[in-house]
Each structure stands twice: as C-alpha cells, then as structure tokens.
Protein chains: 2
Amino acid sequence: MVSNMKKISEGSTVGVKNVLKSAGIKPTYERLRILKYLEENNNHPTVNMIYDEVVKDIPTISKTTVYNSLNLFVEKDLVLPLVITGTEVRYDRNTKPHHHFLCEKCGKIYDIDIECPYFKKGYVDGYKIKELHGYFKGICKECLKIK
Amino acid sequence: MVSNMKKISEGSTVGVKNVLKSAGIKPTYERLRILKYLEENNNHPTVNMIYDEVVKDIPTISKTTVYNSLNLFVEKDLVLPLVITGTEVRYDRNTKPHHHFLCEKCGKIYDIDIECPYFKKGYVDGYKIKELHGYFKGICKECLKIK
DNA sequence: TTTCATATTTGAAACCATTACAAATTTATA
DNA sequence: TATAAATTTGTAATGGTTTCAAATATGAAA
Ligand SMILES: [Mn+2]
Ligand SMILES: [Mn+2]
Ligand SMILES: [Zn+2]
Ligand SMILES: [Zn+2]
C-alpha cells in the first residue's frame, strides 16, 4: 500500500457544503465547485489546473475568484498551500503535515506517509516547531518501470 | 553545539578564485564578489540581499549579473537554490542536502543538521530519491527567549 | 414584493521576481 | 594591434499573484 492516509470527505455536494459552513464560509456556487475539485483530486493542483476544470462547469467564473476562494480556504485551514516546484503554489485538501514526492519525469506530486520524529517532539535544536515542510525529488515508481 | 556542519571555504579572494576555476567558471570580478558574499554569509540570502551588499563594492554591477552568476553557480553545483518563503529564491553555498528552520518572528533561516533515513536509503515507497528538501517553520531559540 | 445594505464576483490594472534579449564593454587570442 | 568570444548591462517581456473598483448576487427589513 503506497499511502494509508484517510480521505477528508467524499466530495459530494452536501459534503462540501457542510465543510464550508462549519468553517464559517458562505457556500457559494463557485466555492463549492472549487472545494469539490480539491476533494475529488488529490493531485496537488495549481490555480490554473483548478481553473481549467472548474471553468468547464462554470464558464463565467474568473480566475480571481479561484484565487480568492483558495486564499480563503487557506486562511480557514481548509487547505494547505505547497511550494514545491518553485514557480507556482499548489493546494492540498489534506492539511495534516505530511511529506511529498515530486517526480522529475512525469511531474506528478505524490503523498508520502512517513513520520518525522522531530516534528512529533515539537522541537529541534531548541527551536519550537510549528510547521513541517518536506518533500523529495526523484523518479516515481511508474516512471522507473518505463526506464 | 547547534550545528556541526563544516565550512566549504574561507571566503578569501584566493579561495573563491580557486573554487570558480575548478568548477570551470571564469573568475570575473563580479562573480568572485558574489561567491565571496555567499561564503562569508550563511544567511540563505535572496538575490536582493546579495545585490544590496555587493553593489556597495561594485557600484556599476547590475542585478541581471547577480541573477546570471547565481544561475551559473547553481548549474555548476556550487550553490543550492532554496524555496522556503514562497516569494523569492534563496541561495545556499552549502550544497549538501540538509534541513532548514524558518523563524516566523525574526525571519532568519537556520541550518538544521539532522539526518533523513529515507534519503540515506535512496528510496521511499519504491520511489527513487535524488533530492531532499526539508524545512521547519516556528520560533527560533533567540526569539523564544524574548517571548 | 420592494428596498436597502452587505457580500461576492469579475475584469483590468498593478506588482514583483525572474528571464530574454540585444547593445556595450571587457577579455582572450592571434 | 586587430579580431573574435565572453561577459556585463539596461530595458523589455513574462507569468503568477494581488489590488481595486465596478457589477452582480444575496439577505434582511419594511
Ligand atoms: Mn499532499
Ligand atoms: Mn543551509
Ligand atoms: Zn513519474
Ligand atoms: Zn527568530
């Protein structure tokens, strides 16, 4: 088993609506659709990836609304922003601290379910840890097969 | 002891000149000064931080030259680019894989000398690891004192 | 329902780090 | 010295993100 992380929700309309309401966010049509995308896709997407899919359902949506919504989700701890490739921010519905793996060949970003003993302790070298950001770069299992 | 990492070089003019030459880089005045800055400061600086200091010695230097030089250093594995704050790239003379700590209060970035067992093995979840990027966010020792 | 205040969305402009590019300058070679 | 190659420089372009004000939608009061 590659990952044993549990899903946050199912991505159903009623599901995401409750998620937004309990976070104190008004569940607008646009926000619901964006959050649904994040729940249905664990691909750590960029703003453009999200926009390109969501605009198929809501042709009038603007990219600014995608930015606004994601910033709001981050503020309310519904979503975790990741900076892995350096060029653009990626968004993760899984806000629990976890590692990632960026494949140099296919560009996919995978979850890596390993533990960091220092993060568990809460301190390193006398410094108080609040967040953990860890990722590997290399070749993923599938691309290794292709050779 | 907070860190037991060894220094790469002393930052002396003859030192950095040899570093550049053995990397196959022509040791121009600008490149020497930029590399010297990196050797004398282990503060993981941004392009602007480097420029602001170097321009005091070389008033005619352009920011493009700082970019060009750093990109060349990265290409020749003399310097490691870090993306930690998300907004701008930082540069590290220490190219050995190591962890970092970003203090939320003072903004300083510290080296953290811990080992990653997965990186040592070379694999996680069947994925081949080539690079390791890990950092913590929190409050550093000094800022904890101030309280 | 109508009215009015508030929240949200939208599109364009601004911002900012980085890159592209071509002209000017320096350096190396003959 | 003359010529070619490499480097530096300044400006313009690029691209992701934010700012901002106008347009639209929502919700409560009348
Ligand atoms: Mn993830
Ligand atoms: Mn470092
Ligand atoms: Zn791959
Ligand atoms: Zn601090």
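**Exercise 1.** Is E131(A) buried, partly exposed or exposed, and what is its relative accessibility?

*Solution.* The model is a predicted one, in which local features need pLDDT of at least 70 and side-chain atom pairs count only at pLDDT 80 or more, while totals for chains, interfaces and linings use all residues. Residues are numbered from 1 along each chain as its sequence is written, chains are lettered from A and ligands numbered from 1 in the order in which they are written, and side-chain values use heavy atoms, with hydrogens and water left out.

Step 1. Buried means under 20% relative accessible area, exposed means over 50%, and partly exposed lies in between (1.4 Å probe, protein chains only).
Step 2. E131(A) has 28% relative accessibility and therefore counts as partly exposed.

**Exercise 2.** Find the salt-bridge partner of E131(A) and say where the two residues lie.

*Solution.* 
Step 1. A salt bridge is a side-chain nitrogen of Lys or Arg within 4 Å of a carboxyl oxygen of Asp or Glu.
Step 2. The partner is K137(B), with the closest N and O atoms 3.8 Å apart.
Step 3. This pair crosses between chains, from strand β6 (residues 127-139) of chain B to strand β6 of chain A. Strands (E, at least two residues) and helices (H or I, at least four) are DSSP runs, numbered from the N terminus.
Step 4. K137(B), at 22% relative accessibility, is also partly exposed.

**Exercise 3.** Describe the salt bridge between E39(A) and R93(A).

*Solution.* 
Step 1. The closest N and O atoms of E39(A) and R93(A) are 2.3 Å apart.
Step 2. E39(A) sits in helix α2 (residues 29-40) of chain A and R93(A) in the loop between β2 (90-92) and β3, 54 residues apart.
Step 3. Both E39(A) and R93(A) are buried.
Step 4. Over all chains, the structure holds 13 salt bridges.

**Exercise 4.** Which residues hold the zinc ion (ligand 3), and what is the arrangement?

*Solution.* 
Step 1. Donors are N, O and S atoms within 2.8 Å of the metal (3.2 Å for Na, K and Ca); water is not among the atoms, so sites may look incomplete.
Step 2. The SG atoms of C103(A), C106(A), C140(A) and C143(A) lie 2.2 to 2.4 Å from the zinc ion.
Step 3. Their spacing in sequence is C-x2-C-x33-C-x2-C. C103(A) belongs to strand β3 (residues 99-103) and C140(A) to the loop between β6 (127-139) and α6 (141-146), 37 residues apart.
Step 4. Four donors count as tetrahedral if all angles lie between 85 and 135 degrees. The angles here are 105 to 116°, so the arrangement is tetrahedral.
Step 5. C103(A) is buried at 2% relative accessible area, as are C140(A) at 0% and C143(A) at 12%.

**Exercise 5.** List the protein donors of the manganese ion (ligand 2).

*Solution.* 
Step 1. The donors are H44(B) (NE2), D92(B) (OD), H98(B) (NE2), H100(B) (NE2) and D111(B) (OD), at 2.0 to 2.3 Å.
Step 2. H100(B) lies in strand β3 (residues 99-103) and D111(B) in strand β4 (residues 109-112) of chain B, 11 residues apart. H100(B) and D111(B) are both buried.

Definitions and conventions
Four donors count as tetrahedral if all angles lie between 85 and 135 degrees; four count as square planar and six as octahedral if opposite donors are over 155 degrees apart and all others between 65 and 115; anything else is irregular.
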